[in-house]
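Let's take a friendly look at the charged side chains of this protein. Here is the structure to follow along with.

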Amino acid sequence: MKASDLKKILEVPFSIGKSFSPITEYIYVNKNVIKSTDLESYLEVSLNEDMPFQGCVLKEPLQKFLNSIDKNTELNFEVNNNVLMVLYGKKNKFSIPMEDLNNFPESPVVKYTENSFVQSLYITQEVVEEFERAIKFASDTDSSFNGLFLNGDKVYSSNREIIYSGKLEIEDSYSTFIPKNLIKYILKFKDFFNTIEIFEQGFKVKGDLMTLFSPNLGEHKIPDFEEVLNNYKTLSITKTQITEELKNCVTRIKQFDEVVNIFIKEKTINIFTNNINEVIEFENYISKEYSFKFNTNYLKMILDMCDYCNILTKGDLTQPQAFGGNTDKYKIISAVIV
């Protein structure tokens, strides 16, 4: 077997990290079946042909070895006293510790039954693109918002400061929360998987040759994002088109400060901090003056991802309460800094 072939086969199993249990540092190899787990996520791979060795093999040294040699190197294998010997070149050897197959944790497949099945979501290009956009706004620190909320055909994400709202063209509607780490994993290995099966206790992500089991980590009640979004109404600027000039301006200013002052009057937007001051002209004529502060990182994200931007407020208020952007597929809204 060539090193490149083995490296490709083990790419996804290598990606499952380790946990407190020493056995999670190993991958399970038995004929055409490969398994890897961190005791939360559990990956099973079924190959079309048997592997050239069997046993639980320590992942880290095997991965380092495969990364260190030429991809065209021919490899042969011998197992002696719980040690995998990798033979290469004329007389070269590399030894890797092994464990007995019976020591590897049992598959959680028996827990994923028809009675707990909820729905399937096909990992289409549209789903991938929607997940790639939405995951940018999920929190890294708040466990209640550390993922994507699916409700009907809507996709939401938030870190409690900024909200993303997108839509999927799907026939079946259902509600669930998919953890951020699982979304990132699916996006990283999207070429290997084609379906997300949703169960009451977790997710089964399936491909032609592999299945990933990932549990639900606690209850996640879906907030009423639509109520929050509907509380805002657009002020004078309606569908102001985002220009390259405006995006370039914000890209420069973002290098200097985390918060910018925005002043809008007539047909100009003045964006400034103590370090830099820029004035941009736009098509709309604004009869009133608006002044507010805004997060430069959120401002750049909105301008880079959207076609139009607008200023929003709540109820009968006449001063800006939020800044947002939209396309015909999704919208983003973030509260201004008072």
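## Salt bridges

Glu-130 and Arg-133 sit three residues apart in helix 3 (residues 125–134), so about one helical turn separates them. Helices (H or I, at least four residues) and strands (E, at least two) are DSSP runs, numbered from the N terminus. The model is predicted: local features need pLDDT of at least 70, side-chain atom pairs count only at pLDDT 80 or more, and totals for chains, interfaces and linings use all residues. Residues are numbered from 1 along each chain as its sequence is written, and side-chain values use heavy atoms, leaving out hydrogens and water.

The side chains of Glu-130 and Arg-133 join in a salt bridge, meaning a side-chain nitrogen of Lys or Arg within 4 Å of a carboxyl oxygen of Asp or Glu. Searching the whole structure gives eleven salt bridges, including these:

| Pair | Closest N to O |
|---|---|
| Lys-154 and Glu-226 | 3.3 Å |

How buried or exposed are the partners? Buried means under 20% relative accessible area, exposed over 50%, and partly exposed in between (1.4 Å probe, protein chains only). Glu-130 is buried at 1%, and Arg-133 is buried at 16%.

In helix 2 (residues 59–68), Glu-60 and Lys-64 are four residues apart, so about one helical turn lies between them. Glu-60 is partly exposed at 45%, while Lys-64 is exposed at 53%.

Lys-154 forms its salt bridge with Glu-226. This pair links distant parts of the chain, 72 residues apart: Lys-154 belongs to strand 10 (residues 154–158) and Glu-226 to helix 5 (residues 225–230). Lys-154 is partly exposed at 24%, and Glu-226 is partly exposed at 23%.
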